[in-house]
Amino acid sequence: MALAVDSAKWIIKDILQNLRRVEEALSVVGLLYLGNVSVAATWDLLKGVRIHLWPRLFRRNFVKEYGAWAVIAGAEDGMGRGYAEVLARKGMNVLLVLVTHGDLEDFAQEIRDKYGVEVEIMDVNIYGGELNCDDVRRKFARKEIGVLVNNITGMNANTAIICGAARPDLWRPVGVGVACVPTITSLVLPAMVGRQKGAVVNVCSPMATLSLTRLHVYTAAKYFLISYSEVLRYTHRSQGIVVQTVLPAEIPHGMMQYHGAAVLHDVYKLVTPCQSVFAAHALSTLGYASTTSGYWIFGVLGWVMNCSPWWLVASFMIARLPV
């Protein structure tokens, strides 16, 4: 009996010693993991400061840096107006390209009076059919286009249907996002390459990285635009062309109405910048970041999304879509 007790004590003592070795090994693994997380978080913080804070400490001359004219494709949307106003504030002449029916004459005159720059309006009505490249090329001729902002959305009219979707709901995201953005860009790029300077800004959406069934073709088209921007960047970076992909969160505009928890929306509105503030922050990152959220709060939101489970992010995004 005594032998059995002594054997049990010896076995327990041996097990405890082995557990201490395991504990020491796990402590080392935990310290390494904690160090890795700390270094990654510090690096992300430094990148955020460099992208969102450092450029705003210096005043930049966009006319000298890129060119005299800026083209805003999709200027009737709120974000497009924000880009137009900020670029005009920087002294650039602005060509407002309407891709849907609209009236921007009052907005154009407001920019002329406030900033003393030239403002022209071009209605291409992409949603009505194929883009007329000859008209666009003539309008672009004899203009030193330094910045092109592609803010063409192509949102589905009915986001809830996949099977049996109407033809316009399928054509709009593909025809607008996949076909027209590269077409307009191709009409601007040759002159930029010839001058060895210029910038192309493609406004996308972080939803492109999520498989949201209720936005199906739209998210796929936006993912194409991200890939297209990457190809464009690596093709022309040696020729002085800056290509930037902007992945903003929700900016208040009249294109979508959201439903869900009103409290969450009210809190979100408190931290959401207006269009001109967002555009000013986004343009300050031009040349500093190839891909950006455009605004520091959106950068924090994107970091949280990347650290969160996919199903949680997707559920939150779907909950904000109209029913």
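Me: Which residues form a nonpolar patch on the surface, and about how much accessible area do they have together?

Reply: Patches are built from residues with over 30% relative accessible area and no salt bridge, nonpolar side chains (Val, Leu, Ile, Met, Phe, Trp, Tyr) being joined within 5 Å and like charges within 9 Å. Here the nonpolar patch on the surface consists of Leu 45, Val 49, Leu 53, Trp 54, Leu 57 and Phe 58, with about 620 Å² of accessible area together (Shrake-Rupley method, 1.4 Å probe, with only the protein chains shown counting as cover for residues). Phe 58 sits in the loop between helix H1 (2-52) and helix H2 (62-65), where helices (H or I, at least four residues) and strands (E, at least two) are DSSP runs numbered from the N terminus. With a relative accessible area of 44%, Phe 58 is partly exposed, the classes being buried under 20%, exposed over 50% and partly exposed in between (1.4 Å probe, protein chains only).

Me: What should I keep in mind about the model itself?

Reply: The model is predicted, so that local features need pLDDT of at least 70 and side-chain atom pairs count only at pLDDT 80 or more, while totals for chains, interfaces and linings use all residues. Residues are numbered from 1 along each chain as its sequence is written, and side-chain values use heavy atoms, with hydrogens and water left out.

Me: How many residues are in the largest nonpolar core, and which of them have the most contacts inside it?

Reply: A nonpolar core is a set of buried Ala, Val, Leu, Ile, Met, Phe, Trp, Tyr and Cys residues joined through side-chain atoms within 4.5 Å. The largest one has 36 residues, and Ile 72, Tyr 83, Leu 87, Leu 96, Val 147, Val 149 and Phe 278 have the most contacts inside it. Among the elements that each supply at least two residues of this core are strand S1 (69-73), helix H3 (78-89), strand S4 (145-150) and helix H9 (275-284), and H3 gives the most, with six residues. Apart from this core lies another, of 29 residues, including Trp 69, Phe 140, Leu 187 and Ile 241.

Me: How many aromatic pairs does the structure hold?

Reply: A pair of aromatic rings is described by the distance of the centres and the angle of the planes. Rings of Phe, Tyr and Trp (its six-membered ring) pair if their centres lie within 6.5 Å, and planes under 30 degrees apart count as stacked, over 60 as edge-to-face and the rest as tilted. The structure holds two such pairs. The rings of Phe 62 and Tyr 66 have centres 5.4 Å apart and planes at 70 degrees, so this pair is edge-to-face; Phe 62 is buried at 0% relative accessible area, and Tyr 66 is buried at 2%. The rings of Phe 224 and Tyr 228 have centres 6.1 Å apart and planes at 20 degrees, so this pair is stacked. Phe 224 and Tyr 228 are four residues apart in helix H7 (residues 216-236), and therefore separated by about one helical turn.

Me: Which residues are linked in a network of salt bridges?

Reply: A salt bridge is a side-chain nitrogen of Lys or Arg within 4 Å of a carboxyl oxygen of Asp or Glu, and a search of the whole structure finds eight. Glu 85, Glu 110 and Lys 114 are linked in a network. The side chains of Glu 85 and Lys 114 meet at 3.8 Å, N to O; because Glu 85 lies in helix H3 and Lys 114 in helix H4, the pair ties together parts that are 29 residues apart in sequence. Glu 110 and Lys 114 have their closest N and O atoms 3.6 Å apart.
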